[in-house]
Amino acid sequence: MNFKKFVVLSVVSASIASAFLIPTPSKKAFKSGSGMQLGIEVKNVKFDNTNIDGTIYGLKMGFEHTFKQSSFGIKWGFFADYGSINSVDVTEGGFFLAPKYNINISEKTNLNIYGGVQGKYVGLESSDGYGFVPYGGIELFYDNWSIAVEYSKGSITFESGDLDEETLSGSINYKF
């Protein structure tokens, strides 16, 4: 059942994201401009006071914009993850929004530091939860490829009560 939710979340996220496609003005969009990213994500998920502590996998679609003549910008997008942890199907999906700070290291290499909020849906077997959690990360770009590490911790509300969730994820992304 949760795998079906994962597929639906992936399709809905991609559909919504495609409505916001912003063309990249050049390959030097790191310095100023906009771009779209697609990524593969590996996420460690831990819920306090449960036996859920393990890895799930998924997809990310994000957009970023660095303001002209500035190192500041914004990134936003969608994610969908799925996996089985200790025989419990775990589905996650939602959006992220964060201001970012861009550090140019060279013409092809830069580092983004960002922090913001994730709006999440979490499915655990037959229980669904929702929440807004703070998150942050760092992303190292080389040419159009990047590696990102992100951390989030917050409360997810289920019908049976709130559960604190902590995630640490890594992703490999390609910027168009």
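## The second largest cavity

With 3 residues, β7 gives the most.

The volume here is about 40 Å³, meaning the space filled by probe spheres set on grid points that are joined across faces, edges and corners. A cavity is a set of points on a 1 Å grid over the protein atoms alone where a 1.4 Å probe fits but cannot get out, and lining residues have an atom within 4 Å of a point. By class, this lining has 2 nonpolar, 4 polar and 4 charged residues; Asp, Glu, Lys and Arg count as charged, Ala, Val, Leu, Ile, Met, Phe, Trp, Tyr, Cys and Pro as nonpolar, and the others, Gly among them, as polar.

## The model

This is a predicted model, in which local features need pLDDT of at least 70 and side-chain atom pairs 80 or more, while totals for chains, interfaces and linings use all residues. Residues are numbered from 1 along each chain as its sequence is written, and side-chain values use heavy atoms, without hydrogens and water.

## The largest cavity

Searching the whole structure turns up 2 cavities of 30 Å³ or more. The largest holds about 70 Å³ of space. Its lining has 13 residues, with Gln37, Lys60, Gly62, Phe96 and Asn173 nearest the centre.

At least two lining residues come from each of β1 (33–47), β2 (53–66) and β3 (72–85), and β2 gives the most, 4 residues. The lining divides into 5 nonpolar, 4 polar and 4 charged residues.

Definitions and conventions
1 Å grid on protein atoms, 1.4 Å probe; cavity = no way out; pocket = protein on both sides within 12 Å on 5 of 7 lines; lining within 4 Å.
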